[in-house]
Amino acid sequence: MNTDETNETYRVDDGMEVTLHFTVKLEDGEVVDSTRDKQPATFQVGDGNLPPGFEAPMKGLAAGEQGSYDITPEHAFGQHNPQNVQRLPRDSFEETVEPGTMMSFADPAGGELPGVIASVDERHVDVDFNHPLAGRTLTFEVEIIDVRPATTH
């Protein structure tokens, strides 16, 4: 009987550390994020680095396996929320702002909150604080490189 641990096949599940290559695409196939041209990503299942909707379809996969999953907004970055678009006075901006510009704003707790300039007129600037991928169905392609029990130090 072989008790060598390296022969055991670990599968993606809670308490596992997973190393993988991934690509995230929009509905039209545009790539918004990928590890393909760099180092693979490593995360611990349930650590918050990936939204649960991205982790769930991978459960049960082992090293060497791959998959492609459509992730709905509810399981990715949420639906676009109109209440997350704020109208600010134009004169509160020192620099010239244009629609599509990503800026950092201070949140009430003193942290930083990214926002995208949605529209500008003479008196107002509308800033969208939704996640840039809110409301989008994403295709999540994964190639599992390694699965092993997470070690806690």
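Me: Which strand is Ser34 found in?
Reply: Ser34 sits in strand E2, which covers residues 31-34. Keep in mind that this is a predicted model.

Me: Why is Ser34 called buried?
Reply: Its relative accessible area is 13%. Buried means under 20%, so Ser34 counts as buried.

Me: Okay, on to the rings. How many aromatic pairs does the structure hold?
Reply: There are 5. In one of them, Phe22 pairs with Phe140.

Me: Why is the pair of Phe22 and Phe140 called tilted?
Reply: The ring centres are 6.1 Å apart, and pairing needs them within 6.5 Å. The planes make an angle of 40°; under 30 degrees would be stacked and over 60 edge-to-face, so this one is tilted.

Me: How do you know that this pair links distant parts of the chain?
Reply: Phe22 is in strand E1 and Phe140 in strand E9, 118 residues apart. Both Phe22 and Phe140 are buried, by the way.

Me: What makes Phe105 and Phe129 an edge-to-face pair?
Reply: Their planes are 75° apart, with 5.2 Å centre to centre.

Technical notes:
Residues numbered from 1 in each chain as written. Predicted model: local features only at pLDDT ≥ 70, side-chain atom pairs only at ≥ 80, totals over all residues. Heavy atoms only, no water. Helix = DSSP H or I, 4+ residues; strand = E, 2+ residues; numbered from the N terminus. Buried < 20%, exposed > 50% of the residue type's maximum accessible area, 1.4 Å probe, protein only. Phe/Tyr/Trp six-rings, centres within 6.5 Å; stacked < 30°, edge-to-face > 60°.
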